[in-house]
Amino acid sequence: MLAGVYLAKKKDGTVYYRSNITFQNKHISLGSFPTEQLAHQAYEEAGQILNADITPGDYSINTFVLSFDKIISLMNFRDNHIYIKNPIYLHSNYFTYHLSPTEEFKFDIDDLFFYSSHRILRRRGHLYVNDYGMQVSLLSRYGIKSYGICGRDYTFANGDSTDYRYSNIIVLSKYSGVTAVTQNGDIRYRTAIHINGNYNIGTYSTEAKAAVAYNKAVDFAHEYGIAKNFIQNYVVEYSAREYADIYTSIKISGKYLEYLKLRS
């Protein structure tokens, strides 16, 4: 058997080949392969990576039998002496998560434990992890709603949309239907609801009041027979009594109410 290769069998008796390497007293599995030659090639590649100055960027100009994730894990172990199964590379005060050979995301070192055990996935352009059987958006870790839009609900302080360090994430709006706007030099909060287009509900002095106004607009929409499943806001700033008082007194656009009446 070639170096680094071990014969294995599936439950149905099918033969396959596993590849392993030992480096700095750690036994590292390199994966399973259909032929002995491919398994050995993986072993040779791992040795090359662990004993040479190969960087993550070199992956794009070479053809490897090893998976991309495994290559990043080996490079990190070689340089930082910590083996992480996910494609993470440690830097002095942050780490990068390599989603593909051309995509790497920066995170604070405080998030290392979470992303070491949660694989980042992409669906329809949104990044998420599977956590306890649920798809959890990366944005939710910053208090941003999962369907948040960059430039409207949040932005990146340094303009780098791959830099997810906490100091670089600026939350513009944490509530559905609420957007921060500047009027005469002051920050106010505009509420809009989407029903076959956006309808302005009003502009309010605080984000929490704007969130209450949105909830009230949603309730009116339901009263007038609109069955859309709106996501209502849970407003943490108010007690139940305070919320009820603001809900009762807050004003919403008369044009919006006329629109609802015409639809009914």
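Two strands are taken to pair if DSSP finds at least two bridges between them. In this predicted model, strand S1 and strand S2 (residues 15–23) are joined by 5 bridges and run antiparallel. One of the residues involved is lysine 9, whose bridge partner in S2 is valine 15.

These strands belong to an open sheet of 3 strands, ordered S1-S2-S3 with antiparallel pairing. Strand S1 (5–9) and strand S3 (26–33) each have a single partner strand and stand at the edges, so one side of each is left without a neighbour in the sheet. On average, neighbouring strands of the sheet are turned by 30 degrees against each other, direction ignored. Helix H1 (residues 36–50) lies across S1, S2 and S3 and runs at about 15 degrees to S2. Helix H2 (residues 68–80) also packs on the sheet, where it touches S2 and S3, and its direction makes about 170 degrees with that of S3.

The whole structure contains 10 salt bridges. In one of them, arginine 122 is joined to glutamate 103, with the closest N and O atoms 2.6 Å apart. Arginine 122 lies in strand S7 (residues 121–123) and glutamate 103 in strand S6 (residues 103–108), so the pair ties together parts that are 19 residues apart in sequence. Arginine 122 is partly exposed, at 40% relative accessibility, and glutamate 103 is partly exposed at 26%.

A salt bridge is also formed between aspartate 153 and arginine 152, the closest N and O atoms being 2.8 Å apart. Here aspartate 153 is buried, at 0% relative accessibility, whereas arginine 152 is partly exposed at 33%.

Notes: Residues are numbered from 1 along each chain as its sequence is written. This is a predicted model: local features need pLDDT of at least 70, side-chain atom pairs count only at pLDDT 80 or more; totals for chains, interfaces and linings use all residues. Side-chain values use heavy atoms; hydrogens and water are left out. Helices (H or I, at least four residues) and strands (E, at least two) are DSSP runs, numbered from the N terminus. Axes are lines fitted to C-alpha atoms, for helices over the stretch in contact, and angles run from 0 to 180 degrees between N-to-C directions. Contact means heavy atoms within 4.5 Å. A salt bridge is a side-chain nitrogen of Lys or Arg within 4 Å of a carboxyl oxygen of Asp or Glu. Buried means under 20% relative accessible area, exposed over 50%, partly exposed in between (1.4 Å probe, protein chains only).
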